[in-house]
Amino acid sequence: MAPVESQVEGLQPLLAIRTHHSPLEGSCSPQAWGEALQALGIPLAVLADRDDLCSLPAALAAWGRDRVAIGATVRWQGDDVLLLAPEADGYRSLCRLLTWKYSEPASWAAGHLRPGLDGLVALVRGGVAVWDAAGAEVWWRSGEQPDPGPGGCPAAAVAELAHIAPGDRASAPVLARLREREGREVGGDGDLTLLPRMRRAYLRHPELLAAGAALAARCVHRPGGSWHMPPSLHADAEAELTRRAAQGARARYGEPLPPAVRERLARELRVIAQKDFCGYILTVADLVGMRRTCGRGSGASSLVCYCLGITNVDPVRWNLLFERFLAPSRADPPDLDIDFPWDERDDVLRAALATYGAGHVAAVANHLRLRRWGALRAVARAAGESDVAISAVRDRLRAEDRYGIPACLDGPWPALLAAAARVVDAPHHLGLHCGGIVITSEPVGDLAPLHPSAKRIDGAGLPTLPWEKDGTEAMGLVKIDLLGNRALAVVRDSLVDLRNMGIAIDELRWAPADDPLTSALVARGDTLGCFYIESPAMRQLQAKAGSGEFDRLVVHSSIIRPAASRWIDTYLERLHQHRRTGRIDPAWFPHPVLRELLSDSYGVLSYQEDVMLVAQRLAGFDDARANALRKALGTWGSNSDVHRFESEFRAGCTASGTDGEVCELVWAMISSFAGYSFCKAHSASYAMVSFQCAWLKAHHPAVFLARVVANEGGFYSPGCYLEDARRRGVAIRGPCVLHSAWKTAPEGGGAIRCGFHLVPHLGRPAAERIVRERRRASFAGIADLRRRCALDTARLEALLHAGALDAITVTYTPAQRVWLVEVLAVRPPPRLRETDPDEQWIDLTMAREPDADPEPPPLPELDPRPQRLRTLGFLPEHHPLLLHRLPARRVRTAELSIAMRNRQVTVIGLPVTRKQVDAKTTEGARAMTFATIEDETGLVETVWFPDAYKAYGNLLDSGAPLRISGKLMESFGVLTVQAEQVGLL
């Protein structure tokens, strides 16, 4: 046996690895596989995930480019086929085949194959002739036991691995149940212990092992080594960019151009041309067209982008560094992120597809993973539990997390929770990135497999890459972010409303940041609805700083980081000290570099550029390492990367002679950027949109707040915005079948008419029928409305409870309206011609007499407001708190004053938002929360420390008014109530 054994020594089967990107099949990440292959000294393995290349960028990074053979596993005619792409033509064929499989699932299921599989290697267990006829190089796949095949094609030993170690199989039973429930395919279930078993099994067939090794050695193609730039539609892109930039500069700055603008424009154009990015920037400018946009990210640092209308913040005036966008040392393309009004984004995508061709445009994916509750729901459903039971268990677990109320689960639930924990964070399916697309000169389907997304553009699924944004860029595809922004739609719609009222605003000369009324509103944090500065934390920061300056808001938009509270307080103390004394304290700058920060933040790091600056000046980082640190800090879950940079930063500080205390201080500020950070240009872009919103609110609150509600994208509920409008003297008018449109809109300059979109279960088609029919003739009553608009009982009841029927039944009491709807509900439902397209319809809507309402009998009094509140979530008549019996003597939120600080107070109001955080205590991390409470006079922030949150936090879930007693605290002139005792009103 020794001579035979010597023949297989050092040989092993071709490894076909399925990572956890083979959903519910592979159990280990590409990173874990990379460590395992490295430990075993395995030089190369096939990445063979099922039906896709989702993990390819991660595998190339984790395994090493030379250790990855590119492939995929597909189920064809009841058996798995391993596809290999040894060279570029095979990779192109693999991408085309997988794309065809996604787009033509019926043909694939019928056993058809797309022809033209040149360069592709197919390792099969049947169908040799079919694969051969399609152009593939066909091999027989020999598995755990030797099987040379039927002859007629070469054979190779293949080890199909879905796990690294036997312990990874603990998740196999739950994965199997989930696969069965979801109808997913599954193949081999091996782990690395399969390799020695196969070597023993192949002692007499070393040629099959050798064939696998030889086949692996042929796999030399790895994509991603070069950039695939968007095509240019211009014969001379450099000349066209120069022409447009000069034209835009004259429009922005007038003639002659200021010297600083002229010099910087020439420098930027020179760098862009040297890097051959002229066509890329023109592509983005063409997509922007004449639309309202917010160009953000580092692109807002570019004067060229500003002159082309891609961005809207003057980088010269606000000292934005072009090098943050496009440094001379940067090898990768610039990253341009463009916000459009949310309801225009599909038009932009449609324009991109029409201009460049559907075969050259694709969306970037998100890898959607099973998080805690999703994993529990999936596992429990697979075990036969109902959604009601699952939701009840979830609520009990949440109460345990938040308030320490024991969940006390029994029966199957402990086992189901353990099973769910095994699949948490496993990729489950693909979703769409919020805005990323790529545009390529070559067909994008030759560069990646494309999925048709569930999102439809003109009836067709949007072609979608298998990779997320980082993976897309790692594969050499240049991402352009086309994002939807509701605040831009609010500004757009408000300006249209004002124009219709005869108030025209010249946007080229609109300077909201220079308006005193707007600055005062921003300075006091009165910014509900104002885009990025409406959250409780931002409103408080603005009020504490007491500043309405644009540059100060730019600092605040970036410094308001979850981990930066210590530095926010430091910044505020120094701001107020400087304001009081007019002096700068040298102690704020223990190193000269802290005086060189991008904005005047008194030595506190505010922007990504600040981090890069101190890393270079204190620790000797070069441009590349400083940028890598910036990227690591900006990625959620990046703590391990940040820790690696920490040791490098400390070592660099020591080498440069930087004082140890300075090093500690600066690193503490740097680490507060982890997971969330802005460059200055991004922050300035957001601040500009926020100031536009604030100007509209300061000058035209009815128009602005109506459009905030209409666009449904704010931080708060519609009722909160409507109450804010009411406190400003704006009349709130409820939904009405005689006056409402689909969207909420201003009525005149001093009222808001609530739209039908606020009526639950009504739906837009029914709302549009109501609008259309009332234009033809007024409604004679509820019966006439019901028949002409084909309203079923559920929709009619929704209108009733929203108060939308009051105007056509003014002579009836609320109880009589309820009676009418109940009587009409027993009549045969009205039909729409759309529901019976094959019937011959004669439109008699206007030819017959209107249906008369039955005469209701006298009925007892009925207060409709509680049901109206349950339906709408707010009351058009008044604040919901006024439905309750309130104490005659109570402190309203508007009556709280600094003179009352440190006193015990009691406030009564409704919770409108809250944010739970972990507090560090001697007992470890404990949950606490910040809750915003509203009464009819305003808002007050409340703080619930861990003991109070554990005792009373569940009352926040009740939806009922709360009586909150505690100490009134003051910080930099801003008041909060520290909740100590809480009860229902």
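**Entry 1: the second largest pocket**

I started with the lining of the second largest pocket and sorted it by class: 18 nonpolar, nine polar and nine charged residues. This is a predicted model, and I read every value below as computed from it.

Next I looked up the size. The volume of the second largest pocket is about 1,300 Å³.

Then I asked which residues lie nearest its centre. I found Arg252, Tyr306, Asn312, Glu507 and Leu508, out of a lining of 36 residues.

**Entry 2: α29 against α20**

I looked up the hand: the crossing is left-handed.

I listed the contact residues on both sides. From α20 I have Ala487, Leu488, Val491, Ser494, Leu495 and Leu498. From α29 I have Val689, Gln692, Cys693 and Leu696. By class, the contact of α20 with α29 holds eight nonpolar residues, two polar and no charged.

**Entry 3: the barrel**

I moved on to the strands. In what order do the five strands close into a barrel? I read β18-β19-β20-β22-β21, with mixed pairing. Neighbouring strands of this sheet are turned by 40° against each other on average, with direction ignored.

I took the pairs one at a time.

- β18 with β19: the pairing is antiparallel and runs over 11 bridges. The two strands form a hairpin, with two residues between them. I picked out proline 911, whose bridge partner in β19 is isoleucine 933.
- β19 with β20: I traced β19 over residues 924-935 and β20 over residues 938-944. They run antiparallel and are joined by seven bridges. Aspartate 935 stands opposite glycine 938 in β20.
- β18 with β21: I traced β18 over residues 904-921 and β21 over residues 962-971. They pair in the antiparallel sense over six bridges. Glycine 909 has leucine 962 of β21 as its bridge partner.

How values were computed. Residues numbered from 1 in each chain as written. Predicted model: local features only at pLDDT ≥ 70, side-chain atom pairs only at ≥ 80, totals over all residues. Heavy atoms only, no water. 1 Å grid on protein atoms, 1.4 Å probe; cavity = no way out; pocket = protein on both sides within 12 Å on 5 of 7 lines; lining within 4 Å. Points joined across faces, edges and corners; volume = space filled by probe spheres on them. Nonpolar A, V, L, I, M, F, W, Y, C, P; charged D, E, K, R; others polar. Pairing = 2+ DSSP bridges. Helix = DSSP H or I, 4+ residues; strand = E, 2+ residues; numbered from the N terminus. Axes fitted to C-alpha atoms, helices over the stretch in contact; angles between N-to-C directions. Left-handed = near helix turned anticlockwise from the far one by under 90°. Contact = heavy atoms within 4.5 Å.
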